[in-house]
Amino acid sequence: MRKKLTQLSDVLPELWVGILLYGVLCEIVGLIFVEDWLFYSIGLIAGIVCALFMATHMAWSLNQAMELAEGDAVKKMQVHNIVRYLIVVVVFFLLLFTKLGNPLIAFLGVMGLKVAAYLQPVTHKFFRR
């Protein structure tokens, strides 16, 4: 699995580790403070899966755009950005309308991508040992 992720981007496995560690930390904190832990956990897992998807799709679409001319690459990246965000919005609305998981906590899970990006220099040190 790591080999496939590395083929897309050298940084992608490190982002995945950061997202997953963030998810575990949020899950532990949530289980301590939240009464309805299943509603919380499903929302968090949905957000973490979205964050993992977004990181992978971003790496894949960047690789695709690198082979195109500048104008075409910009257009392709804009389309891929919209697709990514539409998928996340659909997941949020599914959670909201089905009441299967907490959409606000799903947003917390999606923010794992941001946290992982900021922590990437730290995870990079552990990966390169």
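This is a predicted model: local features need pLDDT of at least 70, side-chain atom pairs count only at pLDDT 80 or more; totals for chains, interfaces and linings use all residues.

Author: The account below begins with the aromatic pairs and then turns to the neighbouring helices.

A pair of aromatic rings is described by the distance of the centres and the angle of the planes. Under the rule applied here, the model contains 2 aromatic pairs. In one of them, the ring centres of F92 and F107 are 6.5 Å apart and the planes stand at 65°; because an angle over 60 degrees counts as edge-to-face, this pair falls in that class. F92 belongs to helix α4, whereas F107 belongs to helix α5 (residues 103–110), so the pair ties together parts that are 15 residues apart in sequence. F107 has a relative accessible area of 44% and is therefore partly exposed.

The rings of F93 and F97 make a stacked pair, because their planes lie at 15°, with the centres 5.7 Å apart. Both F93 and F97 are in helix α4, separated by 4 residues, about one turn of the helix. Their accessibilities fall on either side of a boundary: exposed means over 50%, so F97 at 65% counts as exposed, while F93 at 43% counts as partly exposed.

Helix α4, which spans residues 70–98, also holds H80. This histidine is buried, since its relative accessible area is 11% and the limit for buried is under 20%. Leaving aside residues up to four places away in sequence, H80 touches H57, W60 and S61.

Helix α5, the element that carries F107, also packs against helix α3 (residues 37–66): the two axes come within 7 Å and cross at roughly 35°. The crossing of α3 with α5 is right-handed. On the α3 side the contact is made by Y40, G43, L44, G47, I48, C50, A51 and M54, and on the α5 side by I105, A106, L108, G109 and V110.

The side chain of S41 reaches the backbone oxygen of W37 at 2.8 Å. Residues up to four places away in sequence being excluded, S41 touches E27 and L31.

Notes
Residues are numbered from 1 along each chain as its sequence is written. Side-chain values use heavy atoms; hydrogens and water are left out. Helices (H or I, at least four residues) and strands (E, at least two) are DSSP runs, numbered from the N terminus. Buried means under 20% relative accessible area, exposed over 50%, partly exposed in between (1.4 Å probe, protein chains only). Contact means heavy atoms within 4.5 Å. Rings of Phe, Tyr and Trp (its six-membered ring) pair if their centres lie within 6.5 Å; planes under 30 degrees apart count as stacked, over 60 as edge-to-face and the rest as tilted. Axes are lines fitted to C-alpha atoms, for helices over the stretch in contact, and angles run from 0 to 180 degrees between N-to-C directions. A crossing is left-handed if the near helix is turned anticlockwise from the far one by less than a right angle, and right-handed if clockwise. A polar contact is a pair of N or O atoms within 3.5 Å; within protein, one must be able to donate a hydrogen and the other to accept it, and residues adjacent in sequence count only if both atoms are side-chain atoms.
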